[in-house]
Amino acid sequence: MKKFITFEGIDGSGKSTQAKLLAGYLSDKGNKVFFTKEPGEGKLGEVIRTEILDRRDINIDLYAELCLFCADRAQHVRELILPKLRDGYTVICDRYYDSTLAYQGSGRGIDPDLVFRMAMASSLGVEPDITFFLSIPVEQALLRLKNRGGRNKMDEEPFEFHSRVNKGYRELIEKGISRIRVIEASASPDKIYSDIRRFFE
């Protein structure tokens, strides 16, 4: 049984929905499951999420944004993820360090070596057992974002930004990282859920 499961994808890919569905499925099968997300868990995480994604009166420097995401992760791992893993929980996380590589490295165009070093350091050595990347055309994902409420600043970035992020994810996949499983996310939520669930049947 995979103990640390992460979900990745561009905004609008449906990863949050699928992460929660998998958490419910595994819990119903009798597993101890802890669902979490990045950024925004814990007291520090809540503050960081608000500053990065919700406050529109602050123009955050690209390097400051990178540091804030990594600070959120380090605290998140220490306070929540590691303790739950040690207590025997299956931890399902909506976004992890792959998001930093794709969003800050490719999307923002920050030096990829620096982003990689900071992203890895912020994980405190905790690696996912399996990562589901929900693959969807950028145009379709942005249409979903347009039709849903409660969009944040990252959601509102232009098409070109989301395209660069998607390219960053594709570059990770092309490296042949064994933990990454690509899931076609243009299908219906039920079909996507079925495709993910088969890894645990």
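**Close-up views of pockets, a cavity and a helix pair**

**View 1. The second largest pocket and its lining.** The lining of the second largest pocket comprises eight nonpolar, three polar and six charged residues, where Ala, Val, Leu, Ile, Met, Phe, Trp, Tyr, Cys and Pro count as nonpolar, Asp, Glu, Lys and Arg as charged, and the others, Gly among them, as polar. This is a predicted model, in which local features need pLDDT of at least 70 and side-chain atom pairs count only at pLDDT 80 or more, while totals for chains, interfaces and linings use all residues. Residues are numbered from 1 along each chain as its sequence is written, and side-chain values use heavy atoms, with hydrogens and water left out. The volume of the second largest pocket is about 300 Å³; a pocket here is an open set of points on a 1 Å grid over the protein atoms alone, with protein on both sides within 12 Å along at least five of seven lines, and lining residues have an atom within 4 Å of a point. Of its 17 lining residues, Leu101, Pro112, Phe116, Leu172 and Lys175 are the closest to the centre.

**View 2. The largest pocket.** The largest pocket has a volume of about 720 Å³, and of the 34 residues that line it, Asp11, Lys15, Ser16, Asp94 and Arg148 are the closest to its centre. Its lining divides into 10 nonpolar, 12 polar and 12 charged residues. Helix α1 gives the most to this lining, with five residues; helices (H or I, at least four residues) and strands (E, at least two) are DSSP runs, numbered from the N terminus.

**View 3. The largest cavity.** A cavity is a set of grid points where a 1.4 Å probe fits but cannot get out, and a search of the whole structure finds one of 30 Å³ or more. The largest cavity, with a volume of about 50 Å³, is lined by Glu8, Asp98, Thr131, Phe133, Tyr169, Leu172, Ile173 and Ile180. The largest share of this lining, three residues, comes from α7.

**View 4. The contact of α3 with α5.** The axes of helix α3 (residues 62–86) and helix α5 (residues 112–122), which are lines fitted to C-alpha atoms over the stretch in contact, with angles running from 0 to 180 degrees between N-to-C directions, come within 8 Å and cross at roughly 20°. The two helices are therefore roughly parallel, a term for angles under 35 degrees. Tyr63, Leu66, Cys67, Cys70, Arg73, Ala74 and Val77 in α3 meet Leu114, Val115, Met118, Ala119 and Ser122 in α5, contact meaning heavy atoms within 4.5 Å. The residues of this contact divide into 10 nonpolar, one polar and one charged.

Conventions
Angles under 35 degrees count as roughly parallel, over 145 as roughly antiparallel, 65 to 115 as roughly perpendicular and the rest as oblique. Grid points are joined across faces, edges and corners, and a volume is the space filled by probe spheres set on the points.
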